[in-house]
Amino acid sequence: MKIECVFLVEIYQGIRQTLGDDFPIGLKINSSDFQPGGFTEDNSLQVIKRMESLGINLIEISGGNYASPKMSTGTSKNSNDAFFINYAKKIKDLIHVPVGLTGGFRTQSSMENAVADGDTNMVGIGRPLVLLPDLPNRIFNGSYATVNLPWLTTGIKSLDKTIGPAIGNSYYEQQMARIANDEKPKISTNAWSPLFYSLRVQGLAALSPKRAK
């Protein structure tokens with residue numbers, strides 16, 4: 001199925017026209033949304049090739065959504081794997097634009113190996129950076145090896161299953177808010193605090209099926 005990305009193209013062209021040819025513009029795009037009948041890897045590749053032909057400067061690979069939150073849950077509870085590395089490598093071999101990869105990087109060795117092995121040109125760090133805002137400096141000074149992300153739980157399995165991914169998102173939103181207020185991130189496995197934070201910020205919408213799935 002051919003994908004029409006008119007809206008995306010118009011946005012890109014407007015940015016390029018305003019900022020000029022020398023301004024670097026990147027595109028973060030899902031490898032797939034992991035939904036039946038949804039956005040597939042083939043669809044993603046079509047969009048990427050179209051944007052490359054227009055002059056995009058960077059493609060960043062990610063994936064998932066609230067209904068299938070691969071970026072939130074990863075591949076397993078103890079996974080240190082980059083979630084979409086195979087797709088990033090596939091894309092990198094098919095286009096001439098630098099490729100970035102975000103999702104799942106925890107260890108310094110996995111970041112270094114992904115670049116050294118040619119799987120990606122750049123590494124995006126999300127959740128580890130929230131918990132360790134000075135993570136890049138730690139890498140440079142040799143004091144970083146890995147970070148264990150907390151596995152949040154309310155202590156109620158049925159509730160964890162229903163709202164777990166959404167609460168995971170809220171936990172990191174909560175830590176970013178602490179950083180913005182010049183406070184240190186609080187590492188905890190207690191899901192009740194981010195649940196109340198989410199309710200306070202978003203109201204009952206925080207528990208909507210779209211967000212909680």
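# Briefing: sheet, cores and a helix crossing

Ile 59 touches Leu 27, Ile 29, Ile 48, Ile 95, Val 97, Pro 98, Val 99 and Gly 100, leaving aside residues up to four places away in sequence. The model is predicted. Ile 59 is also among the residues with the most contacts inside the largest nonpolar core. The points below cover the cores, the sheet and the packing of helices.

**Nonpolar cores**

- The largest nonpolar core has 30 residues. Those with the most contacts inside it are Ile 48, Ile 56, Ile 59, Ile 61 and Ile 91.
- Seven named elements each give two or more residues to this core: helix 1 (6-19), strand 1, helix 2 (41-54), strand 2, helix 4, strand 3 and helix 5 (108-116).
- Helix 2 supplies the largest share, four residues.
- A second, separate core has nine residues. Val 130, Leu 131, Leu 152 and Ile 167 are among them.

- Four strands form an open sheet in the order 1-2-3-4, with parallel pairing.
- Strand 1 (26-30) and strand 4 (122-124) are the edge strands, and each pairs on one side only.
- From one strand to the next, the twist averages 25°.
- Strand 1 and strand 2 run parallel and are joined by five bridges. Here Ile 29 stands opposite Ile 61 of strand 2.
- Strand 3 (residues 99-102) and strand 4 also run parallel, joined by three bridges. Leu 101 stands opposite Val 123 in strand 4.

**Faces of strand 1**

- Side chains alternate along strand 1.
- Leu 27 and Ile 29 point to one face and are buried. Both touch Ile 59.

- Helix 4 (residues 85-92) lies across strand 2 (58-62) and strand 3.
- Helix 4 runs at about 175° to strand 3.

**Helix 8 against helix 9**

- The axes of helix 8 (residues 157-180) and helix 9 (residues 192-202) come within 8 Å and cross at roughly 75°. Angles of 65 to 115 degrees count as roughly perpendicular, so helix 8 is roughly perpendicular to helix 9.
- On the helix 8 side, the contact uses Leu 159, Ile 163, Ile 167, Ser 170, Tyr 171, Glu 173, Gln 174 and Ala 177. Helix 9 answers with Trp 192, Ser 193, Pro 194, Leu 195, Tyr 197, Ser 198 and Gln 202.
- By class, this contact has nine nonpolar, five polar and one charged residues.
- Ile 167, part of this contact, also belongs to the second core.

Terms used: Residues numbered from 1 in each chain as written. Predicted model: local features only at pLDDT ≥ 70, side-chain atom pairs only at ≥ 80, totals over all residues. Heavy atoms only, no water. Axes fitted to C-alpha atoms, helices over the stretch in contact; angles between N-to-C directions. Parallel < 35°, antiparallel > 145°, perpendicular 65-115°, else oblique. Contact = heavy atoms within 4.5 Å. Nonpolar A, V, L, I, M, F, W, Y, C, P; charged D, E, K, R; others polar. Pairing = 2+ DSSP bridges. Core = buried A, V, L, I, M, F, W, Y, C linked by side-chain atoms within 4.5 Å. Buried < 20%, exposed > 50% of the residue type's maximum accessible area, 1.4 Å probe, protein only.
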